[in-house]
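Please keep the sequence and the model in view while reading.

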Amino acid sequence: MTWKAMTPSEACDLMDFWAAAPWPLTRDEVLRLAVDRFGWTIEEEDGTAYLMNTVSNFTIPDVSTIGEDPLSYLTLRISDVIREVTPESTAFLGDAFTLAVREGERRWGTASLRDVKGTTIASWTTDSGGQISFSSAPKSLAARFETPQGVALDQRLGR
């Protein structure tokens, strides 16, 4: 079985782009930026627009965008979703995660690492007050950018 994952540079470049964006931005502004910059697509269901990373050709292309005005965070997969966990898939995801974190540490400094219910999360605080994280779960890898406004909201809510 062959699986796909973003290269470490691609994943970090993606997060660098969002970290450098002129926050605060609305959800609609983020959708337009993603289409213009990355060639992603917007699909609509029941009158709601959804962002899709169709460029990477991963098994699940959805990009989660939470918050309207301003956006709080966006999350996307940076690998295929593995249907059946095997020693080979575990090694593949582990290697891809390690390389992404290594590239992140080269760019952003030492990662803060934590384990949440079997998912390993490496995170960095950006100069703008946002947060970048890569997560490794048994079936896939994901990247998340929490906007400075999302970080402030979480702090106010005690998270």
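Strand 8 (141-146) contributes the most to the lining of the largest pocket, namely four residues. Helices (H or I, at least four residues) and strands (E, at least two) are DSSP runs, numbered from the N terminus. The model is predicted, so to speak of a local feature takes a pLDDT of at least 70 and to count a side-chain atom pair takes pLDDT 80 or more, while totals for chains, interfaces and linings use all residues. Residues are numbered from 1 along each chain as its sequence is written, and side-chain values use heavy atoms, with hydrogens and water left out.

The lining of the largest pocket comprises 23 residues, and those nearest its centre are Arg114, Ile121, Ser133, Arg144 and Glu146. At least two lining residues come from each of strand 3, strand 4, strand 5 (112-116), strand 6, strand 7, strand 8 and helix 4 (148-156). A pocket is found on a 1 Å grid over the protein atoms alone, as an open set of points where a 1.4 Å probe fits, with protein on both sides within 12 Å along at least five of seven lines; lining residues have an atom within 4 Å of a point. The volume of the largest pocket is about 540 Å³, where grid points are joined across faces, edges and corners and a volume is the space filled by probe spheres set on the points.

Glu146 counts as buried because its relative accessibility is 6%, whereas Arg144, at 25%, counts as partly exposed. Buried means under 20% relative accessible area, exposed over 50%, and partly exposed in between (1.4 Å probe, protein chains only).

The structure has six salt bridges. Arg107 pairs with Asp13 at 2.8 Å between the closest N and O atoms. This pair links Arg107 in helix 3 to Asp13 in helix 1, 94 residues apart. Arg107 also meets Asp16 in a salt bridge of 2.6 Å, N to O. Since Asp16 lies in helix 1 and Arg107 in helix 3, this second pair ties together parts that are 91 residues apart in sequence. Arg107 is partly exposed at 25% relative accessibility, as are Asp13 at 39% and Asp16 at 30%.

A nonpolar core is a set of buried Ala, Val, Leu, Ile, Met, Phe, Trp, Tyr and Cys residues joined through side-chain atoms within 4.5 Å. This core has 37 residues, of which Leu14, Met15, Trp18, Trp23, Trp40, Leu76 and Phe134 touch the most other members. Helix 1 provides the largest share, six residues. Setting aside residues up to four places away in sequence, Leu14 touches Met6, Phe38, Trp40 and Leu76; contact means heavy atoms within 4.5 Å.

Thr65 belongs to strand 3 (residues 62-66). With 12% relative accessibility, Thr65 counts as buried.

Terms used:
Salt bridge = Lys/Arg side-chain N within 4 Å of Asp/Glu carboxyl O.
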